[in-house]
Amino acid sequence: MLEAAGISHRVLDTGIDDAELDPPGGRVDNPAAWVTALAYLKAQAALPQAAHGDVILAADTTCVMDGRVIGQPRDDGHAASMLMGFLGRSHDVLTGLCLLEAGSTRRTLCHDRAVVSMGFVPMRDVSSYIASGEWRGKAGGYNFTQRVEAGWPLQVRGDPDTVVGLPIRMVRSMLRQHAASGGTVIGAGA
């Protein structure tokens, strides 16, 4: 997404598998703080690999419905259960962001929220999607852009980029605040 937005960057692998960090039972007191803390954890993990003045950007996305954090599915059955739970309902999608400047105490933490409404999808389409494995690594078990292109009845209130996993408008604003460092933008990936 950074490349498509024209933001020059390089990616560092943090080795953090955020799917392993889902809260037990999906319950957390503050889902926005949770997802922002995961972004901070990723950024911190990339910090030792960064040069002085580099700006490390990390993000994490999760879905929230009925007060429960819904992370990434573990297997086909879990993915199907997640998707079936979304049909005919709305859920929040939260993306937490963290920007750290290497060699400095400067940091920016924030999150964005969008609401996704998913209409009814024929079971054969859900089954076909599950069989494709394209749900792997996706918060809530779906890729918003891909599912819209496939004709799934999805609507978003808020920034669609938040649902995809990186609200570019917020990232641009955050990067402007850190522009004085002149360092490389580093995306902290899993």
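Tyrosine 129 and tryptophan 152 are both buried (under 20% relative accessible area with a 1.4 Å probe, protein chains only). This is a predicted model, in which local features need pLDDT of at least 70, side-chain atom pairs count only at pLDDT 80 or more, and totals for chains, interfaces and linings use all residues. Residues are numbered from 1 along each chain as its sequence is written, and side-chain values use heavy atoms, leaving out hydrogens and water.

**Aromatic pairs**
- Two aromatic pairs occur in the structure (ring centres within 6.5 Å; edge-to-face means planes over 60 degrees apart).
- Phenylalanine 86 and tyrosine 142 pair edge-to-face, at 5.8 Å centre to centre and 85° between the planes.
- Phenylalanine 86 sits in helix H2 and tyrosine 142 in the loop between H3 and helix H4 (144-149), so this pair ties together parts 56 residues apart in sequence.
- The rings of tyrosine 129 and tryptophan 152 have centres 5.4 Å apart and planes at 70°, so this pair is edge-to-face.

**H2 against H3**
- Helix H2 (residues 76-86) packs with helix H3 (residues 123-132) at about 145°, their axes 10 Å apart (helices are DSSP runs of H or I, at least four residues; axes are lines fitted to C-alpha atoms over the stretch in contact, and angles run from 0 to 180 degrees between N-to-C directions).
- Asp76, Ala79, Ala80, Leu83 and Met84 of H2 meet Met123, Val126, Tyr129 and Ile130 of H3 (heavy atoms within 4.5 Å).

**Ends of H2**
- Aspartate 75 caps the N-terminal end of H2, with a side-chain oxygen 3.2 Å from the backbone nitrogen of glycine 77.
- Just after H2, glycine 88 has a positive phi of about 75°.

Technical notes: Helix = DSSP H or I, 4+ residues; strand = E, 2+ residues; numbered from the N terminus. Polar contact = N/O pair within 3.5 Å; in protein donor to acceptor, adjacent residues only side chain to side chain. Phe/Tyr/Trp six-rings, centres within 6.5 Å; stacked < 30°, edge-to-face > 60°. Buried < 20%, exposed > 50% of the residue type's maximum accessible area, 1.4 Å probe, protein only.
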